[in-house]
Every structure is written in structure tokens, then in C-alpha cells.
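Please look through the sequence and the model below.

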Amino acid sequence: MPRPRSSRIIKCDPVHPYFKPRGIPLKDLAGEVELTLEELETIRLYNMEGLSQTKVGENMGISQTSVSRHLSEAHKKLATALVLGFAIRIKHPVDIYHCESCGHTWKYLEQVTPESSCEKCNSEKIHTHLHTSKN
Ligand SMILES: [Zn+2]
């Protein structure tokens, strides 16, 4: 049984889930900030696409208050990373699917419409759980 979905809608699929200052080994970094997919999507729609906060909220299925909160969190994290030379990690929720018929296991970025059958044998006897990737 796929778990019920929240109403938020996220269309961005981060190409690079991790950014760090060039030439500095991971172990020597001063720190790291973690952006959620919601925060990334709000800055994509608001700062990149230039939508109003109200429009961003409509696009994502969340309130304008939540948009405003995600924006200030995202801006604070990005500013911290840029000013202090921190790495930026994008938190990547993925759904792990397992097929009971053929034993196939696969994963997808958390989707609005969950998979309903096995990608290998088409069986509908699948189950899923959320896993937050550490990359
Ligand atoms: Zn299968």
C-alpha cells in the first residue's frame, strides 16, 4: 500500500545534490547547510521564475505563510554558506520500492503520484517506504 501523499507539489529535481567550495577537501570545510526540497522549490519559483509568494504557494499547494517561511530559511542558509564557505547539501527524500513477486528493489525521488506496479514484472504487489538519502 503506498502511503498517503501530502498536498505539497514539488517539480524540481535537483541536478546536483551537493555543492562545496572549490579546492577544499570535505574534511576541511567549516560546515554545511542543508536545504530541503521545499526550500529549493520556493527559491526556484520565487527567485528564479520571479513569481509572487502567493503564486508560489498556489503552484506548490501550500500557504503563502509557508512560502515566506521557506524563503527566509533558504536565504539564511544560502547566505551562511556563501559568507562562511560552507557546503550546501540538498535533502533528497526518495521512495524505496520493493516488489513481493520478483524481489526487485528500486528507488525514485519522492513523487506526487506514487508507482503502482513493479517496473520489472508489472506486479502490483509492491510496497514502499520513505528514505532520506545522505547522498
Ligand atoms: Zn516485480
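Is N122 buried or exposed? N122 is exposed, because 11 other C-beta atoms lie within 10 Å; a residue counts as exposed with 12 or fewer such atoms, as buried with 20 or more, and as partly exposed in between, with C-beta atoms placed from the backbone. N122 sits in the loop between β5 (105–109) and β6 (126–133). Its phi is positive, about 70°, although N122 is not a glycine.

The model is predicted: local features need pLDDT of at least 70, side-chain atom pairs count only at pLDDT 80 or more, and totals for chains, interfaces and linings use all residues. Residues are numbered from 1 along each chain as its sequence is written.

The chain has three helices and six strands. Here helices (H or I, at least four residues) and strands (E, at least two) are DSSP runs, numbered from the N terminus. Along the sequence they follow the pattern β-β-α-α-α-β-β-β-β. Of the 135 residues in the chain, 18% are buried. Two residues are in contact if their C-beta atoms, placed from the backbone, lie within 7 Å. Among contacts between residues at least 6 apart in sequence, 61% join residues at least 24 apart.

Next come two of the helices. The axes of α1 (residues 37–48) and α2 (residues 53–60) come within 9 Å and cross at roughly 130°. This makes α1 oblique to α2, because angles under 35 degrees count as roughly parallel, over 145 as roughly antiparallel, 65 to 115 as roughly perpendicular and the rest as oblique. Such axes are lines fitted to C-alpha atoms, for helices over the stretch in contact, and angles run from 0 to 180 degrees between N-to-C directions. On the α1 side, the contact is made by E41, T42, L45 and Y46, and on the α2 side by Q53, V56, N59 and M60.

Which residues make up the largest nonpolar core? It has 12 residues in all: L35, L40, I43, L45, Y46, V56, M60, I62, V67, A74, A81 and I88. Such a core is a set of buried Ala, Val, Leu, Ile, Met, Phe, Trp, Tyr and Cys residues joined through C-beta atoms within 7 Å. The elements giving two or more residues to this core are α1, α2 and α3 (64–84). The largest share, four residues, comes from α1. Leaving aside neighbours within four places in sequence, A81 is in contact with V33, F86 and I88.
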